[in-house]
Amino acid sequence: MKVLVCIKQVPDMESKFKINANGTWFDENDLAYRINEYDEYAIEQAVQLKEQLNNVDITVLSVGPARVKEALKKALAMGCDDAVHIEDEQSSLKEPFQIANLIADFAKDKGFDIVFTGMQSQDRGSGQVGIILSELLNMSCVSTIAEFEYKDGITVKRELEGGLKSIVKVSTPVVLTCQLGLNTPRYPTLPNIMKAKKKELLTIASTELFAVDSSYETVNFYHPQKSGGSLILEGSVSELVDKLIVILKEKTSVL
Amino acid sequence: MKLLLVGEYREKKLLNVTYDLVGIANKLGADKVMVASGYESDLPKFDGKLYLANANDVGEYNPNIHKQMILDVVEKENPDVIVFIHSSFGWDLAPRVATALKAAQFTEVIDFKDGSFIVPSCNSKLRRELKSKTNKTVITIQAGAFAFSDESTASPIVEKITPSNTSNVEFVSYEEAEAKGLDLTKADIIVTAGRGVGKKDNIPIIQALATKLGGELGASRPVADNAWVDHSHQVGTTGQTVSPKLYIACGVSGAIQHLAGMKKSEFIVAINTDKDAPIGEIADVLIVADVLQFVPALTNKL
Ligand SMILES: Cc1cc2nc3c(=O)[nH]c(=O)nc-3n(C[C@H](O)[C@H](O)[C@H](O)COP(=O)(O)OP(=O)(O)OC[C@H]3O[C@@H](n4cnc5c(N)ncnc54)[C@H](O)[C@@H]3O)c2cc1C
């Protein structure tokens, strides 16, 4: 069975974001990057399936600038077999439809049975790439899966609101987008990290793949104005403790 | 301008968030057409037209069937914007419909301005203002962002439709959440551990503060997913919705799904090392400090 996992590198969400010069995205310099949280669940699910079935070959793919090689190496160290880097220095300015078209062009003749992606990225939060990819490749798709089982076919649980889930049966080829808590992503072991370092990455320039025009423009990208409603307290811990106790006594009935 | 609103039913009931769709249409001053797979026994009230498929026949949600149902109505009505709620239903369907229509799609719209739609990014720390270049636009709207309280008494003109019933995924059944071990909805004080607490071994620090205050321990989703705390303590969209007198969020960033579960708390204290954490937007007091230092010091002083 052939499995594709699509991953993205995102900055740490606790970063101080600066807006880039033309006001379309954040300045990508001086940020610490890691694998998008949701995509780690996608990698882990693919590796668990391989451990269950043995005959699984996992390709991990990322569209992005040179730095995403680091994310691909980590995915290899977690247990993926091959890595594909679709090199695109401008990827952060591309919209989900454009990214999905690049991936679809790469994947269309490779016969993937299952494609795992994260349900959304932490930076854009668009939640579109996996689903658009399924439409472009004419595969079925279940999004936001919180449980996965492979046994006489595929059964997944899709997370709805308020604790409700829906149980869905689906056959291959299928795209599954992964929700938090689907599994526990493993830490790569040192020997596997060393092995992954030696593996070749296949690099394809995005310009060699099918490109589509953007369907929208970013008019502005900005820090929202603070509502100013909250009191922000800074200082030494003991001062802060005293101040908070005074506030709780004044403003609440609990102390 | 004409909007096609995609209404939602769950377990035979019209979802209340469907009125958020009416809310955005009113705010934009647009004509309203709605499409839903639902039940005649519980129809939405609004002044417009409703295309209604029978959910008994085609299911409350099936991506292939519902996509085609919406595309058929788009063809008849030619709307400018197709609006979904940003829900498990909407975010799954919107990209499918957008791809079929070759239309721009914006996710989790919170506002609009001069023909652009505004969406959050980076955990709500930033905003993007986006303008569509296609003649149709597909959007999902953040639940609550266009809340519409003044419920109309108008009735829509209903036209029944029969979508085709073929799909490559099979809906088996719903599964309810396991019986909740803990009822946080009745707690007066909740002290919540977020991922900023660092590891499972640090949970007792947060629990100690909760105990000292006579309150309960809450958890954000990653804390529950990582099994640092049982799932029954989770607050948020996929956890419990609470409204205590005091909510103390320890190392919680303030993602929209967490806020949805606790923003009605009477008094909110957040402890976070990041002064810009989005939780600061709704907290009454944001203490900029390391929870591992601040929380034990506070517990000691109480
Ligand atoms: C469909 C869906 C449903 C969801 N449902 C829920 C839900 O019901 N409930 C929920 O909570 N989430 C839910 N989420 C997840 C949500 O989007 C966030 O991922 C989650 O709320 C983040 O949890 P957190 O704030 O604990 O962690 P993070 O976002 O990682 O934030 C950690 C915070 O801790 C701070 N911090 C770090 N170290 C320290 C320290 N030493 N001292 C003080 N502060 C520190 C950081 O500055 C940061 O602000 C859902 C997501 C999706 C997509």
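Visitor: Which hand does the crossing of α1(A) and α2(A) have?
Guide: This is a predicted model: local features need pLDDT of at least 70, side-chain atom pairs count only at pLDDT 80 or more, and totals for chains, interfaces and linings use all residues. Residues are numbered from 1 along each chain as its sequence is written, chains are lettered from A and ligands numbered from 1 in the order written, and side-chain values use heavy atoms, without hydrogens and water. A crossing is left-handed if the near helix is turned anticlockwise from the far one by less than a right angle, and right-handed if clockwise. α1(A) passes α2(A) in a crossing that is right-handed.

Visitor: Are α1(A) and α2(A) roughly parallel or roughly antiparallel?
Guide: Helix α1 (residues 37–53) of chain A and helix α2 (residues 68–78) of chain A pack at about 30°, axes 10 Å apart. Angles under 35 degrees count as roughly parallel, over 145 as roughly antiparallel, 65 to 115 as roughly perpendicular and the rest as oblique. The pair is therefore roughly parallel.

Visitor: What is α3(A) to α4(A), oblique or roughly parallel?
Guide: The axes of helix α3 (residues 96–107) of chain A and helix α4 (residues 129–136) of chain A come within 9 Å and cross at roughly 50°. That makes α3(A) to α4(A) oblique.

Notes
Axes are lines fitted to C-alpha atoms, for helices over the stretch in contact, and angles run from 0 to 180 degrees between N-to-C directions. Helices (H or I, at least four residues) and strands (E, at least two) are DSSP runs, numbered from the N terminus.
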